[in-house]
Amino acid sequence: MSTHARTATIVGVYQTKQARTLPGRTSQDLVIEAVKGAIADAGLTPRDIDGAAIDWPGPGGAPRDAENWGMYLKRPLSWVDSHHLDTAGVRGVLKAAAAVEMGLCETAVVGSGRAGPFSTDGTSPGANMNLEFAEPYGSFVMAQFAVVATRHMHEFGTTPEQIASVSATIRNHGHVNPEAVMFGAGPYTVADVLASPMIASPFHRLDCCLMNEGGCALVITTAERARDLAAHPVRLLGGGMEFFQGNYANPPLYRDMRHLGKGAVQRAFGRAGVTPQDIDVFSIYDPVSFEVIRQFEMLGLCGEGEGGAFIEGGRLDIGGQCPTNLDGGMLGGSWTGTGQLTLKVIEAVRQLRHVNGTRQVPDAQTALVSNAGSGAQHVELMVLGRD
Amino acid sequence: MTTDTPFMLAPGVMPTPTLPAVTPLTRPFWDAAAQGRLMLPRCNACHRHFFRPEVACTYCFATDWQWVEVSGCGCLYSYSVLHKAPAPGFQVPLVLAVVELDEGPCMFSNVVGVETENISIGMPLQVAFEQVAAGIFLPRFRAAR
């Protein structure tokens with residue numbers, strides 16, 4: 001892809017401490033720390049920010065309304081986005097990037113933070129989403145991903161050991177990352193994963209992501225503006241999104257989910273001008289271990305049904321062909337409701353800045369970031385490149 | 001004169017602490033279930049069954065549809081055996097099932113009356129209504145004979 005003056009560029013990132021609980025912290029002060037931190041990382045000041053896709057947990061102001069950030073940023077703001085899935089992650093960055101490239105604003109911040117129970121607009125990580133034809137039968141998020149995995153195992157012979165191998169690999173990445181919630185908690189073997197209590201077959205406890213508290217944010221501006229800033233700029237080369245239907249109300253059928261995200265892959269890589277084979281480092285959404293297997297099939301790096309064999313043999317390790325979730329992902333790093341969507345981007349940005357120390361992929365030039373997955377019936381993804 | 005007696009779950013029936021949040025749109029489904037009948041929306045324009053109930057047909061967007069009784073026969077498309085209670089009050093192990101009905105639509109349910117190790121994808125199923133609260137009957141599924 002050719003870069004032009006307004007090409008969206010990520011110039012600032014920040015994550016607060018992530019932990020099972022952060023006593024004394026509130027969602028609002030976590031998101032404030034994250035926003036200040038990301039702006040400082042970019043070498044900017046709050047009054048330089050004229051676009052806000054930032055959650056507003058309150059207290060004070062209209063709940064969830066990003067317009068509240070006008071108090072702290074450039075007043076009046078030129079662009080806002082308030083939905084809880086637009087204030088984080090790939091979807092947030094893509095929408096902010098579109099706003100920047102179109103000239104709706106010059107510099108935007110995407111961010112969120114959470115302490116206490118996750119509850120936004122009627123969604124929650126477990127049950128109690130008021131889903132009339134799902135919850136009375138015991139449906140919850142891990143179980144919805146599980147019914148996709150069960151069918152994949154049935155059709156293709158994907159094994160519990162292959163699924164557990166993903167968990168062990170990614171959790172071992174978190175084991176050696178001081179910022180990961182599960183730092184030092186491993187190392188893990190496939191046998192450890194299979195010996196952990198069954199939650200929702202085929203998923204054991206160690207196949208399921210964490211539940212934590214924390215905040216994170218990032219700053220997006222134009223390529224032209226980025227040239228004057230301190231951090232090494234990371235370009236948004238391409239992106240794509242795909243939504244099958246609203247999540248968790250109807251069963252995710254493997255026959256519908258098998259290609260979920262493939263159109264987004266084509267759009268993202270088509271614009272980026274690179275192929276999935278060119279990607280140096282992967283930030284793959286890992287709410288459960290199995291979804292990583294499916295997403296390598298989605299990316300076309302292996303055929304449908306071949307993902308279980310594809311991830312074997314250390315392919316996802318730092319020295320492997322597809323270094324994946326080297327920060328520990330959501331299985332060993334952090335999950336905070338929406339913040340993990342953003343953490344996927346932050347890890348990719350840091351890899352492309354070449355600042356990741358012992359987990360740095362040498363000379364990484366391109367990164368793939370994905371959010372959501374088959375159980376949720378939507379996927380957002382993007383390709384980032386080192387300038 | 002009526003007497004309010006607390007609802008008692010019949011022996012062997014799994015509890016459902018998370019009851020369906022019934023709306024005017026879905027009330028006919030639950031009223032029929034209380035009579036032991038499985039009803040699905042069927043579009044009067046394209047004549048396909050769809051599920052969940054929606055204001056418009058999910059195939060052709062027509063708003064002209066009606067409730068029709070269906071066979072209650074289907075097969076197991078996929079499942080997960082839950083070993084962690086999804087909310088307080090559920091008993092585990094519990095089989096979260098995706099049932100593909102003979103009429104086409106798929107729905108979440110539970111497979112009951114089958115040992116978990118005997119559950120397999122593709123097994124034929126038959127609806128079995130179980131009362132889980134006063135006036136609330138859930139369509140669960142048993143192995144078809």
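Guide: In this predicted model, a residue is called buried if 20 or more other C-beta atoms lie within 10 Å of its own, exposed if 12 or fewer do, and partly exposed in between.

Visitor: Why does A:Asn325 count as buried?

Guide: A:Asn325 has 27 C-beta neighbours inside 10 Å, and the cut-off is 20 or more. A:Asn325 therefore counts as buried. Its place is the loop between α10 (307-310) and α11 (329-333) of chain A.

Visitor: What makes the phi of A:Asn325 worth a remark?

Guide: Most residues other than glycine have a negative phi. A:Asn325 is not a glycine, yet its phi is positive, about 50 degrees. A:His354 is another non-glycine residue with a positive phi, near 65 degrees.

Visitor: Is A:His354 buried, exposed or partly exposed, and how do you know?

Guide: A:His354 has 15 C-beta neighbours inside 10 Å. That count falls between the limits of 12 or fewer and 20 or more, so A:His354 is partly exposed. A:His354 sits in the loop between α12 (339-353) and β10 (366-373) of chain A.

Visitor: Why is A:Ala223 called buried?

Guide: A:Ala223 has 20 other C-beta atoms within 10 Å. The definition asks for 20 or more, so A:Ala223 is buried.

Visitor: What makes helix α9 of chain A largely enclosed by the rest of the structure?

Guide: In α9 (residues 289-298), 10 of the 10 residues are buried, so the helix is largely enclosed. The buried residues include A:Phe290, A:Ile293 and A:Phe296, and also A:Glu291, A:Arg294 and A:Glu297. Among the elements that cover them are α3, α4 (160-175), α8 (262-272), α10, α11 and β10 of chain A. Just past the end of α9(A), A:Gly300 has a positive phi of about 80 degrees.

Visitor: What makes chain B as compact as a globular protein of its length?

Guide: Chain B has 1 helix and 7 strands, in the sequence order α-β-β-β-β-β-β-β. The rule gives 15 Å for 145 residues and the chain has a radius of gyration of 16 Å, so the conclusion is that chain B is as compact as a globular protein of that length. Buried residues are 34% of chain B. Its C-alpha trace spans about 50 × 45 × 30 Å along the principal axes.

Visitor: Which residues does a cis peptide bond join in chain A, and which in chain B?

Guide: Most peptide bonds are trans. The bond between A:Arg75 and A:Pro76 is cis, with omega about 0 degrees. A:Pro76 is in the loop between β2 (51-54) and β3 (79-80) of chain A. The bond from B:Phe51 to B:Arg52 is also cis, with omega near 0 degrees, and B:Arg52 lies in the loop between β1 (39-43) and β2 (65-69) of chain B.

Visitor: How many residues of chain A are in contact with chain B?

Guide: 29 residues of chain A are in contact with 29 residues of chain B. On the chain A side, α3 (141-156) and β5 (198-200) each supply at least two residues, and α3(A) gives the most, with 6. That side has 17 nonpolar, 9 polar and 3 charged residues.

Visitor: Where in chain A is the pLDDT below 50?

Guide: The mean pLDDT of chain A is 95, and 96% of its residues reach 70 or more. Over residues 120-127, however, the pLDDT is below 50, although this stretch has 19 contacts in the model beyond near neighbours in sequence. Where pLDDT is low, the predicted coordinates should not be read in detail.

Note on methods: Residues are numbered from 1 along each chain as its sequence is written. Chains are lettered from A and ligands numbered from 1 in the order in which they are written. This is a predicted model: local features need pLDDT of at least 70, side-chain atom pairs count only at pLDDT 80 or more; totals for chains, interfaces and linings use all residues. Two residues are in contact if their C-beta atoms, placed from the backbone, lie within 7 Å. Helices (H or I, at least four residues) and strands (E, at least two) are DSSP runs, numbered from the N terminus. Ala, Val, Leu, Ile, Met, Phe, Trp, Tyr, Cys and Pro count as nonpolar, Asp, Glu, Lys and Arg as charged, and the others, Gly among them, as polar. The radius of gyration is taken over C-alpha atoms; the globule rule is 2.2 Å times the number of residues to the power 0.38. pLDDT is the predictor's confidence in each residue, from 0 to 100.
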